[in-house]
Amino acid sequence: NINFAVRYSFTNNSIEQVTSVMKDSEIPGFRNPVGNEVLYSIYQNIGKSRAVNLSGYVNWNATKNTRIYANLYGGYTYLEGANGLSNDGWNIFVSGGVQQTLPKDWRLSLNAHVMTPWISLQGKSSGNVNYSLSVNKSFLKKRLSLSAFATNFFNVYRNSVKTLEDTSFKQESRRKITQLRLGVSVSYRLGNLQASVKKAQRS
C-alpha cells in the first residue's frame with residue numbers, strides 16, 4: 001500500500017511573531033522604564049510564505065508475520081516579513097517501523113522518527129531523532145495483553161537549541177531534555193463484540 005502526494009501552498013498577510021531590540025522606554029504601556037535595551041515581541045500581519053511539500057505513506061506486509069511501514073512529510077519553505085526579515089530551508093519529518101509477530105502470541109515492534117531543524121521567520125529549532133522498542137504478549141485467547149516498552153535507551157538526554165535573530169541581535173536558547181522512557185502496561189478485554197448486518201432484499 002503506497003500513497004504519495006505533492007502540494008504547493010502560499011500565504012499572504014499571515015500573523016507572525018516579530019522580535020526586535022528596542023529601549024523599554026519606547027514600548028507602549030511599559031511600566032517603570034529605565035532606558036535599558038530589551039527584546040520586544042509583537043504580532044503583525046506581515047507574513048508571506050511559499051512552500052512545496054511532499055507527503056507519503058508506505059505499508060508493506062513483507063511476510064505473513066512481518067509488517068513494515070513508513071511516513072514522510074517534508075518540503076522547502078520560503079518565509080518573508082517586514083524590515084528585510086526572511087528565512088528559508090528544508091522541513092523534513094520521517095517516521096517508520098517494523099512489527100514482527102512471533103510464535104505463541106508474542107509481538108515485537110521497533111519504531112523511529114527523524115526531524116530536521118524546523119524553520120521559522122526569525123530562526124529555527126534543532127532537529128531530533130527518536131526511537132522505541134516494545135514487546136507485547138497475549139494470554140487467555142488474546143483477552144489479556146502485557147506490554148513493555150523503552151524509548152531512546154541509547155541517548156538518555158537530548159540537547160535542544162532554538163535560535164532567534166535579525167540584523168541587530170542573535171539569541172540562542174538551549175535545553176537539556178530527558179528523553180529516556182521505560183514502561184509497562186496491562187489490558188484486558190471484557191465481553192465480545194457481536195454485530196450483524198441485515199442484507200437488503202432486492203425486488
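# A walk around the model

This structure holds 1 salt bridge, and that makes a handy place to start. Bear in mind as you go that the model is predicted.

**Stop one: the salt bridge.** Select Arg174 and Glu172. These two residues form the salt bridge, and their closest N and O atoms are 2.9 Å apart. Glu172, at 41% relative accessibility, is partly exposed.

**Stop two: colour by confidence.** The chain averages 88, and 97% of the residues score at least 70. Which strand has the highest confidence, and which the lowest? Strand 5 comes out highest, at a mean of 94, while strand 6 (residues 118-120) is lowest, at 85.

**Stop three: a nonpolar patch on the surface.** Now select Leu102, Trp106, Leu108, Leu110, Leu133, Val135, Phe153 and Phe154. Together they form a nonpolar surface patch with about 700 Å² of accessible area. Two elements each give two or more residues to this patch: strand 5 (106-115) and strand 8 (128-139). Strand 5 gives the most, with 3 residues. Zoom in on Leu102, which sits in strand 4 (residues 86-102). Leu102 is partly exposed, with a relative accessible area of 37%, so it clears the 30% cut-off for joining a patch.

**Stop four: the largest nonpolar core.** Next, head inside. In soluble globular proteins, nonpolar side chains tend to be buried together. Which residues make up the largest nonpolar core here? Select Val18, Ile46, Leu79, Leu85, Ile119 and Leu121, 6 residues in all.

Keep Leu79 selected and show what surrounds it. Setting aside residues up to four places away in sequence, Leu79 touches Lys48, Ser49, Leu85, Ser86, Asn87, Ile119, Ser120 and Leu121. Among these contacts, Leu85, Ile119 and Leu121 are listed in the core too.

**Last stop: Ser49.** From Leu79, step across to its contact Ser49, which you'll find in strand 2 (residues 37-63). Why does Ser49 count as buried? Its relative accessible area is 17%, and buried means under 20%. Show the neighbours of Ser49 as well: beyond four places in sequence, Ser49 is in contact with Ser9, Phe10, Thr11, Tyr78 and Leu79.

Technical notes:
Residues are numbered from 1 along each chain as its sequence is written. This is a predicted model: local features need pLDDT of at least 70, side-chain atom pairs count only at pLDDT 80 or more; totals for chains, interfaces and linings use all residues. Side-chain values use heavy atoms; hydrogens and water are left out. Patches are made of residues with over 30% relative accessible area and no salt bridge: like charges are joined within 9 Å, nonpolar side chains (Val, Leu, Ile, Met, Phe, Trp, Tyr) within 5 Å. Accessible areas come from the Shrake-Rupley method with a 1.4 Å probe; for residues, only the protein chains shown count as cover. A salt bridge is a side-chain nitrogen of Lys or Arg within 4 Å of a carboxyl oxygen of Asp or Glu. Helices (H or I, at least four residues) and strands (E, at least two) are DSSP runs, numbered from the N terminus. Buried means under 20% relative accessible area, exposed over 50%, partly exposed in between (1.4 Å probe, protein chains only). A nonpolar core is a set of buried Ala, Val, Leu, Ile, Met, Phe, Trp, Tyr and Cys residues joined through side-chain atoms within 4.5 Å. Contact means heavy atoms within 4.5 Å. pLDDT is the predictor's confidence in each residue, from 0 to 100.
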